[in-house]
Amino acid sequence: MSSTLSRELDALADWRKAMDRRVEQFGTLLGDHDLLDADGMAMVQTLRQRLSSDRLVLAFVAEFSRGKSELINALFFADSGRRILPATPGRTTMCPVELAWDASEAASLCLLPIGTRRDGLTVSALRGRMHLWQRVALPLGNPEGLAEALQEVTQTQLVSLDDARALGFWDDENPNDNPPRGDDDRVEVPAWRHALINYPHPLLKRGLVVIDTPGLNAIGAEPELTLGLLPSAHATVFLLAADAGVTRSDLAIWRDHLGDRGLERFVVLNKIDALNDPLLSAEQVAAQVQRQREQVATTLAVSEQRVFPLSARQALSARMGGDQAGLLASGLPALEQALANQLLPERGSVVGRLIEDGALALQQVTTRRINDRRRQLADQLAELGSLRGKSSSKLLMMSSRFQREAAAFEECLPRLTATRAVHSRLLQSVMRDLSSERVRLEVSRMQADSEASLFRLGAGKAFAQLGQRLAGLVDRAEKSIEEIDQMLAASHRQMNAEYGFALSAAPKPALTNYRRELKRIEAAYGRYFGLTKLWRLSERGFLGQFLQVLLSRLRVVFESAAVEVELWGKTCTAQLESQLRERRRALHSRRDAFSRIQMAGDELERRIHEVEAQSAHLLQLGERVVESVDGLRILAATVPRASATGLDADAPEAAPRLALVHTTSPHASRGAA
Ligand SMILES: Nc1nc2c(ncn2[C@@H]2O[C@H](COP(=O)(O)OP(=O)(O)OP(=O)(O)O)[C@@H](O)[C@H]2O)c(=O)[nH]1
Ligand SMILES: [Mg+2]
């Protein structure tokens, strides 16, 4: 009994695969006709890479025992016929568990020991150091073996009070949040800090990443969860239990971890089966559930449509037993439908836009090259035509004109080299402003400024100043980009007028999106400098991790901007290179033709014929390129959309997003994300 969500994910993956095939065919077409240089080929590879590595990250967050792991089992693992992730009463999952599939690795469970918390490195930094993780091979096609191996995520260990303090599980100032202390003064803490499950489950193979989190409390929570893992999720599912209502700690988790409205949030009111009461009618129970749903929506300030009453346990057992009616009664299909309806199209359109932009940029480069070649051929034709019936003295005269043209072409080269040197110098200064190293220096400066201030009172100010400095860097980069753009435009005008080139400006990158993204990060992380949160910054090790995570978010923004600027620089250079190459090629072929014509009388007509055929072939090729790009764009704009009933997923409804418009800016819709 496959779910709506899995069918929709399938449709999305098939769509990505179809796009990949088309991008590949397009690349072959361009490559076979020598229409792409190395940069263009690299761009085709980047698009394909993007299509194959696209991920959809779904995180489950709640207080312990609300049924997160059970819900994940019901949503994704019921087909295996058993409970895969451990779900038991009381605290079960002890560390964040990330389920994904990376085909370049073997199926395995990788566990990061809790002791790594001491050295202050974030989990993402430690992902690059796999020798610190413990790896357990996972059996394939054996659900029992898999479930047994995954029991490891429930492991705990007993440590001394000092160790518990050092690991961040014990806080003398907030005793209520501390774990129970044994007779021997030892404290039970999780054995692992993070678990990565690499498993070829059909949905994971389709790019889904599921994050199961442990029930949180103020002390035990890994700062990175709030700062890095949750903000990077495409959607979060927050769970409450109908039999517990909304408790104070539920609310604290909602506020601290999911309060950011930028997150796509779904709320589940789980365990509604616990409200069944032999003394009440089914209608009375349903009314109770509805009342609770309304209360939850009001308390959390979300729309009622975003609250899904369900029973994960019923759903799991109904799905395992193939009981369709039971599954419907469990309430799970409504959540799946919502996830499929709201999440997948959104995700798809991000990828679709990227492919469209890429295809358009490739089309521009190619079309320019084809037009250039055709123009050269037209010139040759005119020249050859004028030779018909000419005397040998006339031919001699034309030959010397041809020599002059070749000499003029050589003359423009030094001037081009000079322009290119200025261009590259300016571009390098932009790249320096947008470099990771520059961001790192700015963040270090903020750390030094805030540590120099008393009781971190100056931390807020240092953070605000960091924001201003980063915005200043973006402003300066934008100014330099403008300068480069104007310089190139002037140089193009001159080259076109004097040497008959057809150089045109590539649309310059706009940094507006990146500036907006910086503001968003500033707002999200600035919350930690408010009076109610400031205490966290003074917690042991928190500031260090906070800054690391902040740095990695900022880096992504700056690196993306730098990539876009670099791409623009390359496009400008590539255009020039390509026109120079075409010009040289045309000069060679004219020289060859000329010498042949001078030798034999019938050569002229043959040559005219040849050039006409080449021109016709290029025209056809141009049409094939446009057709190919149009096909790709239509496909990219037709993100598979969740079907209303979830039953006709084999023929996903098409939702064309935009009409075809040729040659819009390849940068126009590229965002910072
Ligand atoms: N009655 C009932 N019990 C449920 C339901 N969903 C989960 N449970 C049970 O509640 C207990 C806790 O579920 P888990 O999935 O382990 O909860 P969790 O949120 O993952 O908890 P931690 O891993 O400790 O953070 C288990 O015994 C589940 O079987 C439900 O819909 N109804
Ligand atoms: Mg759990």
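Helices (H or I, at least four residues) and strands (E, at least two) are DSSP runs, numbered from the N terminus. Ser69 is buried, with 7% relative accessible area, and Thr93 is buried too, at 9% relative accessibility. Buried means under 20% relative accessible area, exposed over 50%, and partly exposed in between (1.4 Å probe, protein chains only).

This is a predicted model, in which local features need pLDDT of at least 70 and side-chain atom pairs count only at pLDDT 80 or more, while totals for chains, interfaces and linings use all residues. Residues are numbered from 1 along each chain as its sequence is written, chains are lettered from A and ligands numbered from 1 in the order in which they are written, and side-chain values use heavy atoms, with hydrogens and water left out.

Ala87 lies in the loop between α3 (68-77) and β2 (97-100). Beyond its neighbours within four places in sequence, Ala87 is in contact (heavy atoms within 4.5 Å) with Ser69, Glu70 and Thr92. Its C-alpha atom is 8.1 Å from that of Ser65, a residue 22 places away along the chain.

Now consider the protein as a whole. It has 20 helices and 11 strands, and its C-alpha trace spans about 110 × 65 × 45 Å along the principal axes. Of its 673 residues, 49% are buried. Among contacts between residues at least 6 apart in sequence, 82% join residues at least 24 apart.

One helix pair can be followed in detail. The axes of helix α1 (residues 4-32) and helix α13 (residues 332-385) come within 9 Å and cross at roughly 5°. Axes are lines fitted to C-alpha atoms, for helices over the stretch in contact, and angles run from 0 to 180 degrees between N-to-C directions. The helices α1 and α13 are therefore roughly parallel; angles under 35 degrees count as roughly parallel, over 145 as roughly antiparallel, 65 to 115 as roughly perpendicular and the rest as oblique. Residues making the contact include Trp15 and Phe26 of α1 and Leu344 and Ile355 of α13.

Helix α13 also meets helix α11 (residues 312-320), whose buried residues pack against α3, β10 (265-270), α12 (324-330) and α13. In α11, the residues Ala312, Ala315, Leu316, Ala318 and Arg319 are buried. After α11 comes Gly322, with a positive phi near 65°.

The last topic is cysteines. A disulfide is a covalent bond between the sulfur atoms of two cysteines. With a disulfide taken as a pair of cysteine sulfur atoms within 2.5 Å, a search of the whole structure finds zero. For Cys95, the nearest cysteine sulfur is that of Cys110, 12 Å away. Cys95 is buried, at 1% relative accessible area. For Cys572, the nearest cysteine sulfur is that of Cys412, 17 Å away, and Cys572 is buried at 8% relative accessibility.
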